[in-house]
Amino acid sequence: MTFGEFVMVYLFLGGTAAGSFAVLSATELYRAFFPMNGQRLSRALSGCDGCRARSATQRRITQAGYSVTFAMLVVGMLCLLADLGRPEAFYLLFLYPTASFVSIGTFAITLFATCVTLALAESVLALGPVWQKVALVAKALGAVLSVIVMVYTGMLLEHVVAVSLWRSAWLPILFLLSALSCGCAVVLLCTCWCEGGAGVRAWVHGLALFDAGVILLEAIAAVACAITVNAASVDRPFDVLLAGEQAGAFWLGFVGCGILAPLAIETSVLLARRDHRSSVVAGLAMLVLVGGFSLRFVLVRAGIQTAV
């Protein structure tokens, strides 16, 4: 693996797809196993007919969410194949599996892609009760695999011995939290398709609250990653991001767009007593996505530069 531009795109799309699937599947599994809680919440929000309307809203959001997740995963896997240089080498990973992170990640991503496909099919097609149960199992399994995929994208970098910038146990945690935040952003974008629908406000507020917590943890993980990376090497490799060639993308892209601006907007969303326009929600989501891509961009670019 050469860690070129295709890898940057794969790390972003693969992690974001896993994050959005984790958010969507967790929501659906909760409603499947705790339906009364969903009914009480719907009635509280929208009156006696809220449950039916909210179910329609949920279907539209999940259909859009699983569709975007599937598209991101396909493009991300194609970028990974392109970076290999020899796409046929992908099959060798199945024929000759090893204990390497690349081999484990390949199996995890393949199984995860199967779960995403089943969830997408169940959300857009009128399938029978048996297929609905199969899709429910796929969502549960996919939720576990999504965590593996999110962590794997960080571990892929951490175990490159030649790059001291990536040598931190906090890096996979940072990638996990960043992917979850980007996943929330994808689902927030999907709520914009249902503007004015019953229950959309509950989705936006719930996602904003969860994402705000994730972003705070992401900021802590980033600080911990910087401290551990610099402490492990006399060259202080993380300073390349703080004041080096990639500092602009780090501070403006990751810190500004991915941490500070989303927290400010999400705070206003949570404190407001009225619904926010879809343009505000979409702007919030795009900022988070820009921040997630910027994080991977600066880490890969700076890592390659410091390794040369």
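1. In this predicted model, helix H6 (residues 129–158) and helix H7 (residues 170–191) approach each other with their axes within 8 Å, crossing at roughly 140°. The two helices H6 and H7 are therefore oblique to each other; roughly antiparallel would require an angle over 145 degrees. The crossing of H6 and H7 is right-handed.

2. The residues that form this contact can be named on both sides. Helix H6 contributes Val-147, Met-150, Val-151, Thr-153, Gly-154, Met-155, Leu-157 and Glu-158, while helix H7 contributes Leu-171, Pro-172, Phe-175, Leu-176, Ala-179 and Leu-180. By class, the contact of H6 with H7 comprises 11 nonpolar, 2 polar and 1 charged residues.

3. Helix H7 also meets helix H1. The axes of H1 and H7 come within 7 Å and cross at roughly 65°. H1 and H7 are therefore roughly perpendicular to each other, a class that covers 65 to 115 degrees. The crossing of H1 with H7 is right-handed.

4. On the H1 side, this second contact is made by Leu-11, Phe-12, Gly-15, Thr-16, Gly-19, Ser-20, Ala-22, Val-23 and Leu-24. On the H7 side, the residues are Phe-175, Ala-179, Leu-180, Cys-182, Gly-183, Cys-184, Val-186 and Val-187. The contact of H1 with H7 holds 12 nonpolar and 5 polar residues, with no charged residues. Phe-175, Ala-179 and Leu-180 of H7 are named in the contact with H1 and are also named in the contact with H6.

5. The dimensions of H7 and H1 may be considered together. The 22 residues of H7 should span 32 Å at 1.5 Å a residue, and the end C-alpha atoms of H7 are 32 Å apart, which agrees. Helix H1 (residues 5–33) has 29 residues and reaches 42 Å from its first C-alpha to its last, close to the 42 Å expected at 1.5 Å a residue.

6. Both of these helices are mostly covered. In H7, 19 of the 22 residues are buried; in H1, 21 of the 29 residues are buried. For the chain of 308 residues, 49% count as buried.

7. Cys-184 deserves a separate point. This residue lies in helix H7 and is buried, with a relative accessible area of 0%. Leaving aside neighbours within four places in sequence, Cys-184 is in contact with Val-23, Leu-207, Phe-210 and Asp-211. Val-23 is one of the H1 residues that make the contact with H7. Cys-184 and Val-288 are 104 residues apart in sequence, and their C-alpha atoms are 8.8 Å apart in space.

8. How many helices and strands does the chain have? The chain has 11 helices and 0 strands, and along the sequence the pattern is α-α-α-α-α-α-α-α-α-α-α. Among contacts between residues at least 6 apart in sequence, 77% join residues at least 24 apart.

9. Arg-236 has a positive phi of about 50° although it is not a glycine. Arg-236 lies in the loop between helix H8 (200–231) and helix H9 (239–243). Is Arg-236 buried or partly exposed? At 42% relative accessibility, Arg-236 counts as partly exposed, a class that lies between the limits of 20% and 50%.

How values were computed:
Residues are numbered from 1 along each chain as its sequence is written. This is a predicted model: local features need pLDDT of at least 70, side-chain atom pairs count only at pLDDT 80 or more; totals for chains, interfaces and linings use all residues. Side-chain values use heavy atoms; hydrogens and water are left out. Axes are lines fitted to C-alpha atoms, for helices over the stretch in contact, and angles run from 0 to 180 degrees between N-to-C directions. Helices (H or I, at least four residues) and strands (E, at least two) are DSSP runs, numbered from the N terminus. Angles under 35 degrees count as roughly parallel, over 145 as roughly antiparallel, 65 to 115 as roughly perpendicular and the rest as oblique. A crossing is left-handed if the near helix is turned anticlockwise from the far one by less than a right angle, and right-handed if clockwise. Contact means heavy atoms within 4.5 Å. Ala, Val, Leu, Ile, Met, Phe, Trp, Tyr, Cys and Pro count as nonpolar, Asp, Glu, Lys and Arg as charged, and the others, Gly among them, as polar. The expected span of a helix is 1.5 Å times one less than its number of residues. Buried means under 20% relative accessible area, exposed over 50%, partly exposed in between (1.4 Å probe, protein chains only).
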